[in-house]
Amino acid sequence: MQQITSPSVENLPKVGYLVSNEEKKEKYYKNESHIHKQTLLTGLKADAHQLYNDVFTYFPKGFAGSKNSDFYEYLAMGKVPYLVGSALMIGLYCGANKAFNIMDKSAANSVAKKMGAGVIFYGLGKWAYQRLARAGIYGSTGIDLDMRYVKKVNELPEPGQEKGLVRTQYPGVYDSVQFYRSDLLTKDAELNHGNAYYHDDKIVKKAGFKNKLNASNQTSSEKIRGVKARTTALENIGKYIVAATGVAYGFQEAFGDMNLKSPRSWVQTLKKAAIQLWDGNERNILTKFGGKALIIGSAVATFLTWLIPTIGFKHKPDTVKTKVDTNKEYEVC
């Protein structure tokens, strides 16, 4: 009788055997689009990557009529005209200084400084407004509207290339109201938390559902779309109020008199400019109260951009539909 022996584990073929979760994650993160690890630097990293590619990749591709130019690249390039236009506007005053007399040169330098400050605080104001409002929304709803994901883009071969490139983009998970990347949230929940509804459970709990729902993604998706739609509408108004405040702040006389070579004076200049914007001047009613209106308007806009989406998120109508216990089984008649 022939003796039956067990094969060595080392000689077993890999095909058909269970793959560990760590191996799945490694392969997935290497080859597929996935939720980016969210840290304090995630947004800065994504913005820096986007700005670099705006100049050296997206614009050249667009001008060349590349078939691989996409909508993400089109939206990303919006920063470039702002930066180029701002630099040209400031340069007009600085570049012509050699042709001015001493008095005119001093006046031109003052205007250039105020323009530079206005440009900086225009962008900084919009950025800070959105970050503050969205941080409040995240704390109240569990929906991180700033969440990014790593998107792997397989391009078609360009003329002269044998194989298309694989590029990386950093879109927002919730960029689209109707088609946000729920698939990536589900995959992330499965791989890292062992529960496909992990993110949805947190959101519906924040919404006020005390009991765990059987399919929380159905409720969370409705809540997410409502928060995103309201936030986008409010941001489209509020960001311009805050941006106008930033420009007005930058155009105060304190920045025109600022000594750029003395970092010690920068804090004093910031404080002095804030006082000047708030106090205004007596030339007319607009210049007297305009600064106060902008500052208060910016604070109110930031507060409402958090409050209104949160109220809509928490609201549950007292209807028959909402009284149905989704954890119970019902017989269809």
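Contact here means heavy atoms within 4.5 Å.

**Figure 1. Overview of the predicted chain.** The structure is a predicted model, in which local features need pLDDT of at least 70 and side-chain atom pairs count only at pLDDT 80 or more, while totals for chains, interfaces and linings use all residues. Residues are numbered from 1 along each chain as its sequence is written, and side-chain values use heavy atoms, with hydrogens and water left out. Among contacts in the chain with a separation of 6 or more, 63% join residues 24 or more positions apart. The secondary structure comprises 12 helices and 3 strands; these are DSSP runs numbered from the N terminus, with helices (H or I) of at least four residues and strands (E) of at least two. Of the 333 residues, 33% count as buried, where buried means under 20% relative accessible area, exposed over 50% and partly exposed in between (1.4 Å probe, protein chains only).

**Figure 2. The largest nonpolar core.** A nonpolar core is a set of buried Ala, Val, Leu, Ile, Met, Phe, Trp, Tyr and Cys residues joined through side-chain atoms within 4.5 Å. The largest such core has 18 residues, of which Ile35, Ile143, Val173, Tyr174 and Leu185 touch the most other members. Two or more residues of this core come from each of the helices H6 (182-193), H7 (198-207) and H8 (216-250). Helix H6 gives the most, with 3 residues. Ile35 touches Met147, Arg148, Tyr149, Val173, Leu184, Leu185 and Asp188, not counting residues up to four places away in sequence. A second, separate core of 9 residues includes Ala117, Phe255, Met258 and Ala273.

**Figure 3. The surroundings of Val173.** Val173 lies in the loop between strand E3 (166-169) and helix H6. With 1% relative accessibility, Val173 counts as buried. Its contacts, leaving aside neighbours within four places in sequence, are Ile35, Met147, Arg148, Tyr149, Tyr180, Arg181 and Leu185. Val173 and His36 are 137 residues apart in sequence, and their C-alpha atoms are 9.5 Å apart in space.

**Figure 4. His199 in helix H7.** His199 belongs to helix H7 and is buried, with a relative accessible area of 15%. Leaving aside neighbours within four places in sequence, His199 is in contact with Leu185, Asp188 and Ala189. His199 and Thr186 are 13 residues apart in sequence and 7.7 Å apart in space, C-alpha to C-alpha.

**Figure 5. Packing of helices H7 and H8.** The two helices pack at an angle of about 65 degrees, with their axes 9 Å apart; axes are lines fitted to C-alpha atoms, for helices over the stretch in contact, and angles run from 0 to 180 degrees between N-to-C directions. H7 and H8 are therefore roughly perpendicular to each other, a class that covers angles of 65 to 115 degrees. Helix H7 contributes Asp200, Asp201, Ile203, Val204 and Ala207 to the contact, and helix H8 contributes Ser216, Asn217, Thr219, Ser220, Lys223 and Ile224. These residues divide into 4 nonpolar, 4 polar and 3 charged; Ala, Val, Leu, Ile, Met, Phe, Trp, Tyr, Cys and Pro count as nonpolar, Asp, Glu, Lys and Arg as charged, and the others, Gly among them, as polar.

**Figure 6. Packing of helices H10 and H11.** Helix H10 (residues 264-279) and helix H11 (residues 285-314) pack at an angle of about 110 degrees, with their axes 5 Å apart. H10 and H11 are therefore roughly perpendicular to each other. Leu277, Trp278 and Asp279 of H10 meet Lys288, Gly291, Lys292, Ile295 and Ile296 of H11. By class, this contact has 4 nonpolar, 1 polar and 3 charged residues.

How values were computed:
Parallel < 35°, antiparallel > 145°, perpendicular 65-115°, else oblique.
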